[in-house]
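Me: I would like to learn how to read a protein model. Could you take me through one, feature by feature?

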Amino acid sequence: MFSLKRCKAPECGAYTFSGGDWCFHHSPDRSRLKTETIRKLEEDGSLSDISIVAADFRGVNVKPGAKIVGVNFSFCIFDSCVFSNAAIYSVFFDYSVFINCRFISSDIRYAVFAGSAFISCSISDSTVIHSNFMGAEAENCDFSGNDFYYSNFSLSRLVSTSMEDCNLKRTSFRSSITKNVSFRYSNPEEAYLRQGE
């Protein structure tokens with residue numbers, strides 16, 4: 001898991017990049033840290049235990065089969081990025097923005113997407129269990145063919161989004177807004193769709 005050590009910049013309070021003295025934004029090597037992070041995602045296929053908050057990732061094609069563990073990507077922007085056959089465990093994407101991104105045949109467990117926005121994105125044929133999408137917004141997305149067992153979409157806003165052929169057992173949609181959402185071939189009767197269910 002990423003270090004919980006705080007940045008030494010006055011009044012910052014953010015977690016350090018990898019346990020050193022500075023967070024990503026106050027690091028004198030910020031450009032190098034971002035370049036190295038992208039290289040690890042695209043070439044090594046392995047990234048773990050760092051905190052790179054509020055970074056901008058565009059056109060990153062994560063190496064198929066990559067393993068991403070214990071990383072803090074909070075408040076990041078992902079534009080036209082592809083995660084294929086990735087193992088994503090205990091990763092924080094809270095309050096991030098995803099535009100035209102694809103997660104294909106990935107194994108996503110204990111991930112946090114709370115408060116994030118998904119615009120014209122696809123998460124397909126993936127395992128997305130015990131993950132938190134609370135307060136997320138998705139518009140014109142395809143979230144079909146996934147196992148969302150015990151994931152949480154409470155207080156989220158899903159518009160013109162497909163969740164077809166998904167396992168929704170114990171998935172929570174309490175207090176969510178769903179407009180033009182298709183659950184065809186899924187099992188919404190085993191999900192929590194309304195407050196009090």
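Me: Which residues does Phe78 touch, not counting residues up to four places away in sequence?

Reply: Start with the word contact: it means heavy atoms within 4.5 Å. With residues up to four places away in sequence left out, Phe78 touches Phe57, Phe73, Phe83, Phe93, Ser96, Val97, Phe98, Ile99 and Cys101. One caution before we go on. This is a predicted model, where local features need pLDDT of at least 70 and side-chain atom pairs count only at pLDDT 80 or more, while totals for chains, interfaces and linings use all residues. Residues are numbered from 1 along each chain as its sequence is written, and side-chain values use heavy atoms, with hydrogens and water left out.

Me: Which residues touch the most other members of the largest nonpolar core?

Reply: First the general idea. In soluble globular proteins, nonpolar side chains tend to be buried together. A nonpolar core here is a set of buried Ala, Val, Leu, Ile, Met, Phe, Trp, Tyr and Cys residues joined through side-chain atoms within 4.5 Å. Buried means under 20% relative accessible area, exposed means over 50%, and partly exposed lies in between (1.4 Å probe, protein chains only). Now the case. The largest core has 49 residues, and Phe57, Phe73, Phe78, Phe118 and Met163 touch the most other members. Helix α1 (residues 30–44) gives the largest share of this core, 3 residues.

Me: Is Phe73 buried or exposed?

Reply: Phe73 counts as buried because its relative accessibility is 2%. Look for Phe73 in the loop between β4 (67–69) and β5. Leaving aside neighbours within four places in sequence, Phe73 has contacts that include Leu41, Leu47, Ile52, Phe57 and Phe78.

Me: How many helices and strands does the protein chain have?

Reply: Both are DSSP runs, numbered from the N terminus: helices are H or I with at least four residues, strands are E with at least two. This protein chain has 1 helix and 16 strands. The radius of gyration is taken over C-alpha atoms, and the globule rule is 2.2 Å times the number of residues to the power 0.38. The chain comes to 17 Å, close to the 16 Å that the rule gives for 197 residues, so it is as compact as a globular protein of that length. Its C-alpha atoms fill a box of roughly 50 × 35 × 25 Å along the principal axes. Buried residues make up 46% of the 197 residues.

Me: In what order do the 7 strands of the open sheet come?

Reply: Strands of a sheet pair through backbone hydrogen bonds, either parallel or antiparallel. Two strands count as paired if DSSP finds at least two bridges between them. Here the order is β2-β5-β8-β11-β14-β15-β16, and the pairing is parallel. The edge strands, β2 (56–58) and β16 (177–179), each pair on one side only. Zoom in on one pair. Strand β5 (residues 77–79) and strand β8 (residues 97–99) run parallel and are joined by 3 bridges. Ile77 stands opposite Val97 in β8.

Me: Which strands make up the open sheet of 4 strands?

Reply: Its order is β3-β6-β9-β12, with parallel pairing. β3 (61–62) and β12 (122–124) are the edge strands, each pairing on one side only. Strand β6 (residues 82–84) pairs with strand β9 (residues 102–104) in the parallel sense over 3 bridges. The bridge partner of Phe83 in β9 is Phe103.

Me: What is the phi of Asn140?

Reply: Most residues other than glycine have a negative phi. Asn140 is not a glycine, yet its phi is positive, about 55°. Asn140 sits in the loop between β14 (137–139) and β15 (157–159). It counts as partly exposed because its relative accessibility is 46%. Tyr110 also has a positive phi, near 55°. Find Tyr110 in the loop between β10 (107–109) and β11 (117–119).

Me: Where does Arg184 lie?

Reply: Arg184 lies in the segment after β16. At 47% relative accessibility, it counts as partly exposed. Arg184 touches Glu164 and Asp165, with residues up to four places away in sequence not counted.
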